[in-house]
Structures are given as C-alpha cells and as structure tokens.
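Take a walk through this fold, starting from the inside. Keep the model open as you read.

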Amino acid sequence: MEKLRKYEVVFSGLKNGKHNFRFEIDKEFFQLFDTEQEFTDPKLVADVLMEKHTTFLEFWITTSGTVNLTCDITNDQFDHPISSEMRLLVQFGEEYDDSEEEVITIPRNDHAFNVAQFIYEEVMLAIPMKKVSPNISDEDIENLEKYKPQEETEKEPEADPRWDALRKLKDKN
C-alpha cells in the first residue's frame, strides 16, 4: 500500500468545504495493481472534488483521457476516449468497512483517504467489452459479412408418407 500513497487525499487540517485534487494516471499507476490490462499507453487525469463536512466526506471522482486499444476485428491500434464519474460518501467509524455499496466507513483516526482503487475500477469499467476501431473500413465490414457463419434456417421436416393414412383416420374422428 506504500506505493499507492501518492493517491491519498489528505483531509485532516482542511477546513469544511470543497477541495480539489488532481492525479495523473499513466502506465505506472496500473502496474501497481498487478493485473493484466487490455490496453496500453493510458493518458488519463483523475480530478477529485472532496467536500469535507463535520461528520463525513463526499467525493466526486471524474476520470478522463485516452487509452490505446487493439481492435477485435482488424488488430489495429486506436485511441479510445475514457470519461467516467463516480460519487463516494465516506463516513467515520470504528474500522474500515466497504460492504455497503454507496457508503464507505473509515476509522475515526484516519487522516487521509486513498482513491487509487476507485480510479482503477472506474477506468477498467469504462473499457468496452467489444473493441472496434472507429477507423474500420467498409471493406473490412464487407469481408466480415462475407465470411461470417451462415445461420441455418430450420425447415419443417417432410412428412413421412407412411403416417398419412393414420392422419386421415385421426382427422375423421
């Protein structure tokens, strides 16, 4: 956790009210999390607005910039814009607790709140599942259509003539 210290918002000593913080997010930031990323060359900025109240803290984290993705269709590299916002409510309690979805509890004696994990999650959630380059050509789309698997249409099975006599008997009744 020592590596993530530069992503702490120190609130002790600040007056009640709004305070702005800015964090540059680059490749080194994502290397701190020891996970494999589906992107390269992140150029992001996280703007954090904290409003300090007497008994709780409110955070608005806005992350924007670009990451470089590989197109699933053409394997070309392209820059994908990232833009996400989240709001956090932080209250003071006995120990750290993030079991509630909208409220995080931190110990009363803490003097700072680390936003790194939240920035990381917001960026990772902003990466699309299907990565399609905006520069994909009409020719690439035509080739995809040409070689995509053809859907089989279900034909109604032809009637076995041996059953026709039984159907006639059934229809008479």
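The largest nonpolar core of this predicted model has 35 residues. Such a core is a set of buried Ala, Val, Leu, Ile, Met, Phe, Trp, Tyr and Cys residues joined through side-chain atoms within 4.5 Å. Buried means under 20% relative accessible area, with a 1.4 Å probe and protein chains only. Phe 23, Ile 25, Phe 29, Phe 59, Phe 113, Val 115 and Ile 119 touch the most other members. At least two core residues come from each of β2, α1 (27-31), β3, β4, β5, β6 and α2. Helices (H or I, at least four residues) and strands (E, at least two) are DSSP runs, numbered from the N terminus.

Five strands build an open, mixed sheet, ordered β2-β3-β4-β5-β6. Strands pair if DSSP finds at least two bridges between them. β2 (17-25) and β6 (103-107) are the edges; each has a single partner strand, so one side of each lacks a neighbour in the sheet. Strands β4 (residues 56-70) and β5 (residues 77-93) run antiparallel, joined by 15 bridges. Here Trp 60 sits opposite Arg 87 in β5.

Helix α2 (residues 116-126) packs on the sheet and touches β2, β3 (40-52), β4, β5 and β6. Contact means heavy atoms within 4.5 Å.

The chain has four helices and seven strands in total.

Residues are numbered from 1 along each chain as its sequence is written. Local features need pLDDT of at least 70, side-chain atom pairs count only at pLDDT 80 or more, totals for chains, interfaces and linings use all residues, and side-chain values use heavy atoms, without hydrogens and water.

Technical notes: Axes are lines fitted to C-alpha atoms, for helices over the stretch in contact, and angles run from 0 to 180 degrees between N-to-C directions. Buried means under 20% relative accessible area, exposed over 50%, partly exposed in between (1.4 Å probe, protein chains only).
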